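The sequence and the structure are shown first, and the description follows.

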Amino acid sequence: MELNDITYKVNGCAMKVHNELGNGFQEIIYQRCLAIEFKKVFNKRYKEPSTNEIMALADRGNSFNFLDDEPDLYTLTDGDLV
């Protein structure tokens, strides 16, 4: 899947969740709904990274894969494509 396709689908998921729920919910509600939409669109489990995971990866200069089995697209250090 190309970067433009992934970006389009992620934005679509976010907009669907926002349009369905509107404003005023706690962040965890939006995260859970977004995870459901990701599962529908990408047919993969969404994984919310822990703060420790993000910090460990940033210290090593690695990237984090938010969608299981999708290729890592960006590094955390410079934003260049991997």
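Read along the sequence, the protein follows the pattern α-α-α. It has three helices and zero strands; both kinds of element are DSSP runs numbered from the N terminus, a helix being H or I over at least four residues and a strand being E over at least two. The model is predicted, so local features need pLDDT of at least 70 and side-chain atom pairs count only at pLDDT 80 or more, while totals for chains, interfaces and linings use all residues. Residues are numbered from 1 along each chain as its sequence is written, and side-chain values use heavy atoms, with hydrogens and water left out.

**The protein as a whole**

Of the 82 residues in the protein, 17% are buried. Here buried means under 20% relative accessible area, exposed means over 50%, and partly exposed lies in between (1.4 Å probe, protein chains only). The protein exposes about 6100 Å², and carbon and sulfur atoms supply 52% of this area. Accessible areas come from the Shrake-Rupley method with a 1.4 Å probe; for residues, only the protein chains shown count as cover. Among contacts (heavy atoms within 4.5 Å) between residues at least 6 apart in sequence, 26% join residues at least 24 apart.

Helix α1 comprises the 19 residues 3-21; at 1.5 Å a residue it should span 27 Å, and its end C-alpha atoms are 27 Å apart, which agrees. The expected span is 1.5 Å times one less than the number of residues. The buried residues of α1 are I6, C13 and V17. They cover an arc of only 30° around the axis, which puts them on the same side of α1; the arc is that of the directions from the helix axis to the C-beta atoms. N4, Y8 and N19 are exposed on the other side of α1. Helix α2 (27-42) is included in what covers the buried residues of α1.

V41 lies in helix α2. Not counting residues up to four places away in sequence, V41 touches K9 and C13. V41 and C13 are 28 residues apart in sequence, yet their C-alpha atoms are 7.8 Å apart in space. V41 is partly exposed, with a relative accessible area of 36%.

**After α1**

G22, which follows α1, has a positive phi, near 75°. F25 is placed in the loop between α1 and α2 and is partly exposed, with a relative accessible area of 43%. F25, I28 and I29 make a nonpolar surface patch of about 230 Å². Patches are made of residues with over 30% relative accessible area and no salt bridge: like charges are joined within 9 Å, and nonpolar side chains (Val, Leu, Ile, Met, Phe, Trp, Tyr) within 5 Å.

**Salt bridges**

A salt bridge is a side-chain nitrogen of Lys or Arg within 4 Å of a carboxyl oxygen of Asp or Glu. By this rule the count comes to two salt bridges, as tabulated here.

| Salt bridge | N to O distance |
|---|---|
| K16 and E37 | 3.7 Å |
| K40 and E37 | 3.3 Å |

K40 and E37 are three residues apart in helix α2, so about one helical turn separates them. E37 is buried, with a relative accessible area of 10%, whereas K16 is partly exposed at 39% and K40 is exposed at 56%. K16, E37 and K40 are linked in a network of salt bridges.
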